[in-house]
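Have the viewer open as you read.

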Amino acid sequence: MMWPLAQMCLVVIGAFFVQSAIVPHISVMGAKPDIILIVASLYGFTYGPASGSLTGFIGGLLGDLLAGPHVGIGLLSKTIVGFFAGLVRRAVFLENMMLPMLAIFVATWLNEFIYVGFLFLLGETVPIKIVSLQVILPSAIYNALLAPFVYVLVHRFMVIREEASSVRIANKYDSV
């Protein structure tokens, strides 16, 4: 039971390092992908609301500590998105890779609107039309295009996790 949690933490920490070290250098016309959001959504799609929420919580906390003055807003938005990703988990990962890409596109919009909503509640002025067209839309497209690549990397850890449980079951029935 402890290994999947430790494994998920390692994946989130790896995503955090990629987010902080590589993502600033691969922005396209100001749009930056959110690797932590993609990972939180993928965990939610694969393992359900609890895993998605926990992944979003840890990743959002790490991202907030790095990003700036509003510590906690990214944590809340990514936790909520991870939870909702978990609610639709059986409907997203079919064999068609377009569905996860579309789901990540929607998850990015949800994350950014939650983030902007919290900023509004804190008294910040946010020009929603400009932010939607110049920040959220390019980021959502970028995240959707990166989703299959991140999924392949994260899925390697998920497969190891699934194989470990099947080995335990097989060993249990060997002695019978």
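## The second largest pocket

The lining of the second largest pocket splits into 15 nonpolar residues, 1 polar and 1 charged. For that count, Ala, Val, Leu, Ile, Met, Phe, Trp, Tyr, Cys and Pro are nonpolar, Asp, Glu, Lys and Arg are charged, and the others, Gly among them, are polar. This is a predicted model, where local features need pLDDT of at least 70 and side-chain atom pairs count only at pLDDT 80 or more, while totals for chains, interfaces and linings use all residues. Residues are numbered from 1 along each chain as its sequence is written, and side-chain values use heavy atoms, with hydrogens and water left out.

The volume here is about 320 Å³, taken as the space filled by probe spheres set on grid points joined across faces, edges and corners. A pocket, on a 1 Å grid over the protein atoms alone, is an open set of points where a 1.4 Å probe fits, with protein on both sides within 12 Å along at least five of seven lines; lining residues have an atom within 4 Å of a point. Of the 17 lining residues, A15, V18, I35, V150 and L153 sit closest to the centre. α1, α2 and α7 each give two or more residues, with the largest share, 7 residues, coming from α7. Helices are DSSP runs (H or I, at least four residues), numbered from the N terminus.

## The largest pocket

Now for the largest pocket, at about 770 Å³. Its 32 lining residues include Q19, K32, D34, A67 and K78, which lie nearest the centre. The largest share, 6 residues, is from α3. By type, the lining has 13 nonpolar, 14 polar and 5 charged residues.

Which residues touch the most other members of the largest nonpolar core? They're I35, I38, V39, Y43 and V150, out of 25 residues in that core. A nonpolar core is a set of buried Ala, Val, Leu, Ile, Met, Phe, Trp, Tyr and Cys residues joined through side-chain atoms within 4.5 Å. The largest share of the core, 8 residues, comes from α2.

Leaving aside residues up to four places away in sequence, V39 touches V11, A15, T55, V150 and V154, where contact means heavy atoms within 4.5 Å. Just after α2, G48 takes a positive phi of about 105 degrees.

Note on methods:
Buried < 20%, exposed > 50% of the residue type's maximum accessible area, 1.4 Å probe, protein only.
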